[in-house]
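Here's a quick briefing on a few strands and a helix. Have a look at the model first, then read on.

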Amino acid sequence: MSSVFNLSNPIFPTIDHRHHCFPNVKPQFAFSRSSIHLSNSRITEVRAQLTDTIPVAAKSISKDEVMKAEKQVIVGTYGRAPLVLTSGKGCKLYDIEGREYLDLTSGIAVNALGHGDPDWVKAVTDQANLLAHVSNIYYSLPQVNLAERLVASSFADRVFFSNSGTEANEAAIKFARKFQRFSHPNKTDPATEFISFSNSFHGRTIGSLALTSKEHYRTPFEPVMPGVTFLNYGDIKAAQELISSGKIAAVFVEPIQGEGGIYSATKDFLQALRVACDKSGSLLVYDEVQCGLGRTGYLWAHEAYGVTPDIMTLAKPLAGGLPIGATLVTEKVNSAINNGDHGSTFAGGPLVCAAAIAVFDKISDPRFLGSVIRKGNYLKEILEEKVGGNSHVKEIRGFGLIVGIELDVSASKLVDACRESGLLILTAGKGDVVRLVPPLIISEDELDRAVEIIYQCLHVLDEKVSN
């Protein structure tokens, strides 16, 4: 392991030292101080960060130094914004240089209660002092208590916990295929295929990736899971025809597409999927990883349509920033699942479930949900008033506090300009949609400020790219 841990550290010996125990084994890896690319002064800084409090360490290192160090030690999968964040409170974030930002990203729709919610902090702290992890070999009370809340508030009868949205969808894939085999024990070729839709995003692991429509996500890793057909989002006729073939184990659909560009399903579309699945024996799976748990002003996004699924997947906001996923199923689906069919070491641990209970209990309050609807309507109203008339704005759409501004050009310059002006926002779709997913606790004054910054920055969309 090439890291500061093995630099003359008696607790973490180097790989060379370990090979001294096996004189006949030739080391395949030999690291020297020079191969690590860290100067003695940098090693001292990193060690200080490991032993001192974060606020103290942050004062001794610059943004550029952090960004440079990241490139040396982190796999290059992220195209990050040039921003090093160190703390947050409510809807505000602060960078390493002390600048304040209004956060309309919520960590990609995760921090529904904002940053540093006192009840969430207390729940995490109290549970960490009791018990953080035991694995699923044993029972733990917070896991049961959280599952009881999810079941009582939804269509579902059972819950399977995981650690992320993509894991929740992987579980749904496995459960769907197992259900089809269980339901047709004498059939040699039970349904194993899936339907997904244009502009869909279901995750990055190999099964969920196969359900994700953007080709540039899938292509580098092909062959992905076979048997997935992509249909146009909202195309009822095509969906009915394919579902009726008897080959479809499950239909995966987002009631509101987040990554895909903030597109909402219609009731007719979801109802048609429900009827077709019931006729054929296919399962209907709602991916509410981004749009669920209060984001729309309904506890579950599909409640607005009155059409229930067989399986629903959750993740992002559920534990308020700690990693969690959940796959909610009916008893019909659960009856097909046996001991050992699926599992996870970390999933549903006491710490993360205690955090999720604190989040759920706040968001599920009808008064809280009502405030999300009011603020969502207010946000769209002021957006229409301030930016709706701009020549680059094609449409403002959304539901509750998941709102998109579709442009006729790339949104990246606007995102950059807003960041420089103290506002953090996201893109979606093909990069031409501004995605606004603020903490659900955001105030109308903060929404006013955010829209004003967007308005003041719109001029960058008119600037020509220099050669």
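Strand E11 (residues 311-314) is covered on both faces: Ile311 and Thr313 are buried on one side, Met312 and Leu314 on the other. Buried means under 20% relative accessible area with a 1.4 Å probe, protein chains only, and strands (E, at least two residues) and helices (H or I, at least four) are DSSP runs numbered from the N terminus. This is a predicted model, where local features need pLDDT of at least 70, side-chain atom pairs count only at pLDDT 80 or more, and totals for chains, interfaces and linings use all residues. Residues are numbered from 1 along each chain as its sequence is written, and side-chain values use heavy atoms, with hydrogens and water left out.

**Partners of E11**
- Strand E10 (residues 283-287) pairs with E11 in the parallel sense over three bridges; pairing takes at least two DSSP bridges between two strands.
- Here tyrosine 286 sits opposite methionine 312.
- Strand E12 (residues 325-329) pairs with E11 in the antiparallel sense over four bridges, and isoleucine 311 faces valine 329.

**Helix H8**
- H8 (residues 165-183) has 19 residues and reaches 27 Å from first C-alpha to last, close to the 27 Å expected at 1.5 Å a residue, counting one less than its number of residues.
- Its buried residues include Ile173, Phe175 and Phe179.

**The open sheet**
- Four strands run in the order E13-E14-E17-E16 with antiparallel pairing.
- E13 (393-399) and E16 (426-428) are the edges, each with a single partner strand, so one side of each lacks a neighbour in the sheet.
- E16 and E17 (residues 433-436) pair over three bridges, with threonine 427 partnering valine 434.

Methods:
Buried means under 20% relative accessible area, exposed over 50%, partly exposed in between (1.4 Å probe, protein chains only).
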